[in-house]
Amino acid sequence: MRVIPLTSESLGVRSLATFVEASGIKILIDPGVALGPKRYGLPPAKAEMEVLQKMRRKLQGYARRSEVVVISHYHYDHHTPFFEGLYESSSESYAREIYEGKPLFIKHPQENINFSQRKRAWAFLKNTEPIAGKIEFADGKSFDLGGVELEFSPAVPHGGEGSRLGFVVMTLIDDGSKRVIHASDIQMLNRKSVEWIIGKIPDLLITGGPPTYLGKRAEGSWQVGIKNLNEIIRETGAEIILDHHIIRDKNYPRFFDELEEIPKTFAGYLKVEDRPLEAYRRELHKIEKGGEAEIPFKLSRGSRRP
């Protein structure tokens, strides 16, 4: 099995898109790329916009190779909608290329879903049903892809219990030699998700940490995330790829240090430098205006110009 993390916060955008090739079957999970429209009261910096375009091209390239598409939920950093959006999708043709002719395994659009995601799911299905292959509502189901088992969790909270952000489904890919779980936006904050992961005993877990960057709105999430991740590490021995919400916090290296096994970010797994652009948006704006600011990563030459 070959696992290729594609786009994420450690690579400069909001995403957890992943490509998996198992027994020759090419699976694309959560094909969405976005930027936070406001952070520290600021719009995305020039460096973020440049990386967004680069990551869209990267995602598009892997979408052309993919044969199966999985969507865990309907936030724009996890699926590409069919409209022109400054920080979300690119164009109808871009979205069409991701989904056309392919079987889609998607979060149920009407069950265990909040109002905003239900609206997005309706718009998504309106555009994909005429062009996609078979569409399966995946929640709690298993599918045999010809020697590769694709299993989905029941709908679990997007974050903690009672989250107003709705629900997501996790994906298990098993080719008989390796078990990989993609656990999107559970944020390590609810027991149902943790127990499902432990019960499946994955070899590799790809997931996002808690949204500690939200400050008081996420109070206590640091400790809960550490506790739940350490339990998964002890009980499964899985290799952990940890990214997404936690990387929006400048203090994420300290979070990693509190875990019993140090995980890799998407960037770390790919053996490139972490570039958590959103976390350093203030500094990026200052640099792009000709000022000086300390950042723990390199910028492209074009991003340095005032």
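These legends go with a set of close-up views of a predicted model.

**View 1. A salt bridge between two loops, D139 to K107.** The side chains of D139 and K107 come together in a salt bridge, with 3.3 Å from N to O. D139 sits in the loop between β6 (135-137) and β7 (142-144), while K107 sits in the loop between β5 (104-106) and α3 (115-128), so this pair ties together parts that are 32 residues apart in sequence. Buried or exposed, where does K107 fall? K107 has 0% relative accessibility, so it counts as buried. D139 counts as buried too, at 18% relative accessibility, because the cut-off for buried is under 20%.

View 2. K134 is exposed, at 59% relative accessibility, whereas E136 is buried, at 16%. The other pair in this view is K200 with E151, at 2.6 Å from N to O. That one links distant parts of the chain: K200 belongs to helix α4 (residues 191-200) and E151 to strand β8 (residues 149-152), 49 residues apart. E151 is buried, with a relative accessible area of 13%.

**View 3. A salt-bridge network at R2, E21 and K26.** How many salt bridges does the model have? The count comes to 19. Among them are salt bridges that share partners and join R2, E21 and K26 into one network.

**View 4. The largest pocket, with about 850 Å³ of space.** The volume of this pocket is about 850 Å³, and 31 residues line it. Which of them are the closest to its centre? They are H158, L165, Y213, L214 and H245. Sorted by class, the lining holds 11 nonpolar, 9 polar and 11 charged residues.

View 5. Quite a list of its residues is buried, including W222, I226, L229, I232 and I233. G225, N228, N230 and E231 are also on the buried list. What do the buried residues of α5 pack against? Their partners are α4, β13 (204-208), β14 (239-243) and α6 (252-257). Just past the end of α5, look for G237, which takes a positive phi of about 70 degrees.

**View 6. Y252 in helix α6.** Y252 has its place in α6 and is buried, with a relative accessible area of 9%. Leaving out residues up to four places away in sequence, Y252 touches I246, I247, T265, D274 and P276. For a sense of scale, go back along the chain to T236: Y252 and T236 are 16 residues apart, and their C-alpha atoms are separated by 23 Å.

**View 7. The largest cavity, about 40 Å³.** How many cavities of 30 Å³ or more turn up? The count is 1. The largest cavity has a volume of about 40 Å³, and its lining is made up of E9, G12, V13, R14, L35, E48, L277 and E278. By class, that gives 3 nonpolar, 1 polar and 4 charged residues.

Key: Residues numbered from 1 in each chain as written. Predicted model: local features only at pLDDT ≥ 70, side-chain atom pairs only at ≥ 80, totals over all residues. Heavy atoms only, no water. Salt bridge = Lys/Arg side-chain N within 4 Å of Asp/Glu carboxyl O. Helix = DSSP H or I, 4+ residues; strand = E, 2+ residues; numbered from the N terminus. Buried < 20%, exposed > 50% of the residue type's maximum accessible area, 1.4 Å probe, protein only. 1 Å grid on protein atoms, 1.4 Å probe; cavity = no way out; pocket = protein on both sides within 12 Å on 5 of 7 lines; lining within 4 Å. Points joined across faces, edges and corners; volume = space filled by probe spheres on them. Nonpolar A, V, L, I, M, F, W, Y, C, P; charged D, E, K, R; others polar. Contact = heavy atoms within 4.5 Å.
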